Amino acid sequence: MAFITANWNPLGEAFYRKTELYEMCWNLRDGLRDSLVAAAPYGGPIALLREPHRRSPSSRPQLEIYSASGVSIASFPWKSGPVVQLGWTVSDELLCIQEDGSVLIYDLFGSFKRHFSMGQEVVQSQVLEAKVFHSPYGTGVAIVTGSSRLTLATNIDDLKLRRLPEVPGLQGKPSCWVVLTQDRQTKVLLSNGPELYILDSTSCTAVCPPGVSPQDGIVHMSVSFSYKYLALFTDTGHLWTGPSHLQDKMIEIDTKKKTTPKQMVWCRRPKSQQPSVVLMWDRLLLVAGVCSDTIQFPIEDPCVLVGELDGVRIISSTNQELLQEVPLVCQDIFKIASMAPGALLLEAHREYEKSSQKADEYLREIKEQSMLGEAVRQCVEAAGHEYDTNTQKSLLRAASFGKCFLTDFSPDQFVLTCRELRVLNAVRENGVGLPLTHTQFKQMTLQVLIDRLVYRQFYPLAIEICRYLKIPDYQGVSRVLKHWASCKVQQKDLSDEAIARAVCVKVGDSPGVSYSHIAAKAYECGRTELAIKLLDFEARSGEQVPLLLKMKRSQLALSKAVESGDTDLVYTVVSYLKNEMNRGDFFMTLRNQPVALIFYCCIHLYPEQTYTDLYNQDDDHQELANYYVTASYREKRLESRLSLLQSAVDEYNKAKNEFAAKATMEALLALGLHKQAEQLYRDFRVPDKRYWWLKLKSLAEKEEWEELEKFSKSKKSPIGYLAFVDICMKCNNKYEAKKYVSKVTPEQKVKAHLAVSDLEGAADAAIERRNESEMGAVLSRCSTSDRLLIDRLNRARATAPKK
């Protein structure tokens, strides 16, 4: 046990220890000199801006982002204005505060997200100093301007700038200042030489903490992680500590150092009665507690102190350490000659492993005191506080050993601690770089840890942790997969097909993952075709249709709405199309969807106008004439009835002429007089579809295949190309039919391939469209010899969205 306490340093009634977290992976040529450094709490990332005041356009400062272990995450030249301060938000976004008051926000990977300004006045007066702080409202920013005024925003996500009152006699920068959060109010404590002021929204109040001499100038101050305690350092070298409300004093210590420390950070474990303050000078690290004693550590390289919930991280160019008060339970177990139950149980287990009878003696001593349960609890709790895995194992094995002799001991806490330590040890690895303590993990919560891993794109680790801890899918694996898919669609080096396939394979039918949400992300990135492919996997039409309408894919949206059988959805799409399209395009779209057309006619307020528009759209004079006759019976006035009947006569004449023209064209085409037939088609304005059908049948029946191919290429076929395939097959010419399969629309591809007995092509088309009914149609045509094809279709069918 002695070697564990070798690096313990006493301070009053407490002990402090430094634990090495990492040997840093970075290679900083000049160390941390001449750099702005900001490290996020809870083992967060580190931002480093080299030579921030360099202004030469040919040699710009470099902004680098690292994990806590020094693994490079992002690096880019700083091309904006001079930076005064760097800081991290609670969601690990980097804030870069510039001299002109602009605050630029970057994500963890160095991608610019947005910016805001701290006010127009700042543009002229410039920012002298700035601080990033965390309040109950979120992440805040406070600045001191060149006009000696302070401005702050308590929440950058809901920006409301507050200009604080003027400080009497302040010229330029204050001696020092901190932001305090008390009773959900944000205030600033500011020192101007020997004078100390508290500033809030309406007032500037002079204060004098008890025990601080009015003649002493305060040159440095620091507030604790929880904002409950305050430390003040005077120009006489005295350190004053007390509650942040400044009503009481804890202790005042003479550090014997007149120079201002470079950094001053609180080091306090939650619920500890022995808080301390860590001060750093060029070559010295000093820990001062609530007693008159101090601990001194020599330092060789420039360091950065990062205040944590239960300690202080010390980051240098070569390594990173955690300075913290040794938890009481660890003191009880590992102190030399300790007779605490946990210490005896640990010793008993060690003797047991040596097959020594002393194990029984230690156990008997614990049992006589009826403290075996307490001993197990101490070992489990201490294991959580230890960073070294070997020490964790020793303590947990001792706890497991002690449990064997208890009949009514609940193993829940033991099991939970084992699981949590396994997770913590995984995220502490250099490659991940999250050096969380068990206390920080409990405060952060598991959900936030999963979010951190997802945000850093450690998806496999996040999924493994979710499964290991048996988190419900909608809170765990599904949430991770949704974020992964949203990032996947932004990869520009992969094709739409490859991304869609990868997303389908990974996500599958995971509960709580919406393909429409992923498709919306793809659409936002400008990948419309990828969004459409992803929507094919969405089983809920109600989720597909709104996005298709947003993407201006009205035909597909209407088709999906009709397939869903949801009348409300069909009505929504039809109403949208009616408002967005001109009348002609609208009715042409409805013509291709008979169900939607009937639905529209049933609900429309003006059916008469609707029917006449539809018949005119299709040049259907026969039906239009029939409609006029029917409508005439509803008219009560004779003049109106006669007018409708006359319109009916006119339409019947047109229909009769068309019938005669149709018969004549058939005869001309049969005689091979194509030019004359085409002239008649133009003169009588025969509908395009009717003329194409007549010529198609005539050429096929006469087996004029070259002429038929030329005709198909003359312009886009108004009757589609499946008709060409069908006619060729009716004439028993598969060779000619295959020429037109490639021209068929995607919706008719499977039918076309099946028509020419191309099962492989039909299977490819069905799988690409992920259409279960089409796959079933291909399967029904397969024979027992097509075993590979059947297996392939069945695999694709299993992953196809259910409709």
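Biologist: How many bridges join strand 19 (residues 218–223) to strand 20?
Modeller: The model is predicted. Strand 19 and strand 20 run antiparallel. Methionine 221 stands opposite leucine 232 in strand 20, and histidine 220 has phenylalanine 233 of strand 20 as its bridge partner. The number of bridges joining the two strands is five.

Biologist: Which residue takes a positive phi in the hairpin of strand 19 and strand 20?
Modeller: This hairpin has five residues between its strands. Among them, the residue with a positive phi, near 65°, is tyrosine 227.

Biologist: In strand 21, which residue is the bridge partner of tyrosine 229?
Modeller: Strand 20 is also joined to strand 21 (residues 238–243), by five bridges, and the two run antiparallel. The hairpin of strand 20 and strand 21 has three residues between the strands, and glycine 237 there takes a positive phi near 90°. In strand 21, tyrosine 229 is paired by a bridge with proline 243.

Biologist: Which are the edge strands of the open sheet of four strands?
Modeller: The order in this sheet is 19-20-21-22, with antiparallel pairing. An edge strand pairs on one side only, and this applies to strand 19 and strand 22 (251–254).

Biologist: Why do the buried residues of helix 27 count as being on the same side, and what arc do they cover?
Modeller: The buried residues in helix 27 (residues 734–741) are Glu736, Ala737, Tyr740 and Val741. They lie on the same side of helix 27 because their arc around the axis is only 155°.

Biologist: Which helices do the buried residues of helix 27 pack against?
Modeller: Glu736, Ala737, Tyr740 and Val741 are buried in helix 27. The buried residues of this helix pack against helix 25 (705–714), helix 26 (722–730) and helix 28 (749–755).

Biologist: Does glycine 476 count as buried or exposed?
Modeller: Glycine 476 is found in the loop between helix 10 (459–468) and helix 11 (477–488). Not counting residues up to four places away in sequence, glycine 476 touches Cys466 and Ile471. Its relative accessibility is 0%, and the cut-off is under 20%, so glycine 476 counts as buried.

Biologist: How far apart in space are glycine 476 and alanine 462, C-alpha to C-alpha?
Modeller: In sequence, glycine 476 and alanine 462 are 14 residues apart. In space, C-alpha to C-alpha, they are apart by 8.2 Å.

Biologist: At roughly what angle do the axes of helix 12 (residues 496–507) and helix 14 (residues 528–535) cross?
Modeller: In helix 12, Asp496, Glu497, Ile499, Ala500 and Val503 meet Glu529, Leu530, Lys533 and Leu534 in helix 14. The crossing of these helices is right-handed. Their axes come within 9 Å and cross at roughly 30°.

Biologist: Why is helix 12 given its orientation class relative to helix 14, and what is that class?
Modeller: The two axes cross at roughly 30°. Angles under 35 degrees share one class, so helix 12 is, relative to helix 14, roughly parallel.

How values were computed. Residues numbered from 1 in each chain as written. Predicted model: local features only at pLDDT ≥ 70, side-chain atom pairs only at ≥ 80, totals over all residues. Heavy atoms only, no water. Pairing = 2+ DSSP bridges. Buried < 20%, exposed > 50% of the residue type's maximum accessible area, 1.4 Å probe, protein only. Arc of directions from axis to C-beta. Contact = heavy atoms within 4.5 Å. Axes fitted to C-alpha atoms, helices over the stretch in contact; angles between N-to-C directions. Parallel < 35°, antiparallel > 145°, perpendicular 65-115°, else oblique. Left-handed = near helix turned anticlockwise from the far one by under 90°.
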